[in-house]
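Thank you all for making time this morning.

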Amino acid sequence: MSTAVNDVHEHEHEHPEGFWGVLGRWLFTTNHKDIGTLYLWLSFIMFFVGGAMALVIRAELFQPGARIVSPEFFNQMTTLHGLIMVFGVVMPAMVGLANWQIPMMIGAPDMALPRLNNWSFWILPFAFSLLMSTFFMSGPAPDFGWTFYAPLSTTYGPKSTDFMIFSIHLMGLSSIMGAINVIATIFNMRAPGMTLMKMPIFVWSWLVTAFLLLGVMPVLAGAVTMMLADRHFGTSFFNAAGGGDPILFQHVFWFFGHPEVYILIMPAFGVISEVVSTFSRKKIFGYRFMIYAIVAIALLSFIVWAHHMFTAGIPLVTELFFMYATMLVAVPTGVKVFNWVATIFKGSISFEAPMLFAIAFLFLFTMGGFSGLMLSIVPADYQYQDTYFVVAHFHYVLIPGSIFAIMAAIYYWLPKWTGHMYNETMAKWHFWLTVISINITFFPMHFLGLAGMPRRIPDYALQFTDFNRIATIGAFIFGFSQLLFLINVVRTVRGHGPRVGAKVWEGAHGLEWTLPSPPPYHSFTVPPEIKN
Amino acid sequence: MIKRFFSKKHLPVTLLVIALAMFGFGFALVPLYTLVCKTTGINGKTAGPSILGEPAEIDTSRWVTIQFLATNNANLDWKFYPETITLKLHPGENKLIYYYAENLSGQGMTVQAIPSVTPGLAAKHIKKTECFCFTQQTFKAGEKRHMPILFHVDNSLPKNINTFTLSYTLFNADKYKKSNRTLGRP
Amino acid sequence: MKNNFPVFISRICLLLGSWFCISSAYAESRINMPQGVTPMSHDIYALHMMIFWICVSIGVLVFSVLIYSLIKFRKSKGAVPADFHEHTVVEITWAVIPFLILVAMAIPATKVLMRMDNTDDADVTIKIVGYQWKWKYEYLDQGISYFSNLSTPVSQLNNQAPKNEWYLLEVDRPLVVPIHQKIRFLVTANDVIHSWWVPALGIKRDAIPGYIHESWARIEKTGTYRGQCAELCGVNHGFMPIVVEAVTPEAFAAWVQQQTAGKTSLPPDIKKEKSQAELLKQGETLYTTHCAICHKPEGTGMPPAFPALKGSVIATGPVKNHIAMVLNGKPGTAMQAFKEQLSDEDIAAIVTYERHAWGNDDTPRYGKEAGGTVQAAQVASQRAESTHEKLN
């Protein structure tokens, strides 16, 4: 994405040439834009890897009976699909956006800790190589779901589990370093006059996300360390034989896991706030409340984890507590949705690609929110838990939620990053194919779950055939539509498309739009003046 | 003071310390969870030995039914079953029952029986003075034993619980061998 | 391009709309939660529908405002942006109203949950143990205990035979329970975490090794109710269904009688020799139920976890080792001991079948130990021997 960065405006920085020169440049770069670009490309590649796995899953489920892959391989696919999409796609993409945008949005020259930044990226390719290498080992790759519940992953886990554990350690390390960097940048690098309550909502959402990361990634590291110890060092944290408890694993995992899903969605809230405001040509409605809502959601995320475990036999009082706490999340989330609608209300709306994705976000994320609310009701959850209803729910909040926000962000800021406009027609095709196919894929899954189809099964009873077929067709359309996105991004990066000025969008405001497109290598070498 | 930790210079270190603390917290969840479970009995685990003190007051107006269960973990090749399947007693009354265990696996083995009670809230009201589940049990190949549980149910058992189930699951504990204390008679 | 989009959208809406109409024409149970046959499942269904309609109404409200704004305030129609961007009263209002709605939802949910937490004495207590990959049912007071395996033939799984109506939802021995009586289920597991789920009973309980959890049902009408394991438990997680046969209390009593009578009656005459053809026929059926999921109908297995039987050392070597393997399993692997589950006759039939299927009886190739016929008596003596050996 930033090859365009070096063709104009750049005289002070001569980028080295030749294979070793280029390699060295990217390997040792400490520039926030370069690192942002690396994160985004990694995420893009992993998006297709994880997506290919999803298509294997959907192809197997096209009709009942053993068809394409064995149940063993199917389980490996569901496990790796989950791990890759969470840790390899959404998180790196969000960090990539943070790297590119946060310094530009707060008027800083770069991130606060550039070398740390380089490290936190370059750990990731190793982490994912380690994870993917499990496919080539004798014995199965991790095959116990992305939640790796003990004892299936400990006493009964395949040998490759240890590689997954180390891979998660590395990813955790990378995220923690990234989080430290973001917090340090936001606290220390703001331009004079950029008070906390003047920061763009995207920056705010990332500040909160970074604290969440700092709070829970170490807990995940602890959980996998305990797993490793149980597997090899004779401890029994999660094995009842030695006095442990498999349910404890679920508690520790979800203590990480629930804030984790908010880590995936928070920056998306930030992106949507920026985009909706720009294309409505109106300031975001209720700026302060938007921030309060983000903070409230983050705090609540620490006390709702057991709602993933309602069927695991926790007692009545505990279930009631976690049900009430979970339901409460709907209040700040509701406030956010209402504020976005209020921002659009009486605006002057135009429908460029970023806005289209943001609008789809508003509709579909809200639907995912509704099914989330339904899942919070303990008695009803007894029926929903571990069915396709849950699969439908979290794909509705993750694809039209996080992924759509990432796509909106790319279309929104790509012209700024490259100095060229993307192809709007292609982007609209991409949008409509995506938004339609996503519903074809995941809407029927609500029906499947309610009618009794458990998740993570490689074969199913005949009554589920129709909806599974529809879902598979949708998934393939969705998967292949993403090629349009890839083509569009590559074209723009390579300099196709008309040149754009500093302020790409008519309704945009914020410091990044005061910089030329593409912005200079070091964003603000002189602190900008903050107005109002 | 606090301001110093968040000063430009110290902030990254402070954040690193927070991360390390959270890593520690992950491990702290283990004793924390055990403590919460012990005091509330939420995971249905019974407590360790309680001292047989003054004979508790026996509430003859009330009957409680206890069912005894036995499960072998991981297809353990043992005979393991309660010699009493159901028992009616008054709260406060001391009772002694036996589980039968026989090692059919053809080799010496150390096992650990893990107790579990449902409804979970009854767990902390079972007061066991002696139980084969307190320690690991080592059996020679083919050895058989009648293993005792001496216990009473305390008076504070919630009124709505008339029946509860005490289950023991037998695990191979060779990996976690601790003591060689044996209990029970052949 | 821009002007075509509204037309495009309306076409898509039409398409989606017609699709929903088609889907709602399906039987209700295909798109919604079953109402079930227990007080618990009725409560859950009512709660589910209530929350669903609340969500739909909120959705309609929010989406109408959104759609209205998107149509009304288009820049292409000359909309001019207003300047408001803050209103504390409005913010507080739309935080408080959802909160009140949530309270209204929480009250019935709490009530239902408390009703579910029923500790009344039960008429029948059944212990359910999850195994990789089958269920074991133990009737505590009746002393009945048996395994319940998937009974769908492997040929159907592999698309070599047409799939029958209850494909993947059928078992060899269903759980038989009486209606109108309180049944208490005690759920635990032998190896990893499973989850016993029967939608019609409104029960989903995780089966956790070392821990016991309970649930209960009072079934209103006779019938067959089906469910599946709901927690990923390994390779064959999708192949361990649950079938509950609810019968009248009289029929249940008769069934119990029959089960217990069968047990005390004389053991089947193991001295009776069976012909090879008989053994092979019986063996094939049993192989399909108990072995084929892992070792595959073609005997090819799924190496390395599940070795092939075709041409294997055990299945073509000495008969004694082969019987011992089936009886005692192989510790530390997925190969479990079948001696508790299968009778001597069954094991004899399975072993005979395995020694002849897939060309395993090819003596020129595998040596003179290959093939052969195994009788129940031989298994019985080996069973007794192995127990005896261990005792010494």
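**Two helices of chain A**

Let me begin with a pair of helices in chain A, where α7(A) passes α11(A) in a left-handed crossing. Before we go further, please keep in mind that what you are looking at is a predicted model.

If we follow the axes of α7(A) and α11(A), we find that they come within 9 Å of each other and cross at roughly 120°.

Which residues make the contact between α7(A) and α11(A)? On the side of α7(A) they are I272(A), V275(A), V276(A) and F279(A), and these meet P354(A), M355(A), A358(A) and F361(A) of α11(A). When we sort the residues of this contact by class, we count 8 nonpolar ones, with no polar and no charged residues.

Now let us turn to the place where chain A meets chain C, in which 79 residues of chain A are in contact with 80 residues of chain C. By class, the residues on the side of chain A that touches chain C divide into 50 nonpolar, 20 polar and 9 charged.

Moving over to chain C itself, I would like you to find an open sheet of 5 strands, which has the order β3-β2-β1-β5-β8 and mixed pairing. At its edges stand β3 (144-148) and β8 (213-218) of chain C, and because each has a single partner strand, one side of each is left without a neighbour in the sheet. Neighbouring strands of this sheet are turned against each other by 20° on average, if we ignore direction.

Within this sheet, strand β1 (residues 124-131) and strand β5 (residues 182-189) of chain C pair in the parallel sense over 7 bridges. As one position to look at, I126(C) stands opposite F185(C) in β5(C).

Finally, a word on chain B, for which the domain assignment gives domain 1 (2-40) and domain 2 (45-176).

Note on methods
Residues are numbered from 1 along each chain as its sequence is written. Chains are lettered from A and ligands numbered from 1 in the order in which they are written. This is a predicted model: local features need pLDDT of at least 70, side-chain atom pairs count only at pLDDT 80 or more; totals for chains, interfaces and linings use all residues. Two residues are in contact if their C-beta atoms, placed from the backbone, lie within 7 Å. Ala, Val, Leu, Ile, Met, Phe, Trp, Tyr, Cys and Pro count as nonpolar, Asp, Glu, Lys and Arg as charged, and the others, Gly among them, as polar. Domain bounds come from an automatic or database domain assignment. Axes are lines fitted to C-alpha atoms, for helices over the stretch in contact, and angles run from 0 to 180 degrees between N-to-C directions. Helices (H or I, at least four residues) and strands (E, at least two) are DSSP runs, numbered from the N terminus. A crossing is left-handed if the near helix is turned anticlockwise from the far one by less than a right angle, and right-handed if clockwise. Two strands pair if DSSP finds at least two bridges between them.
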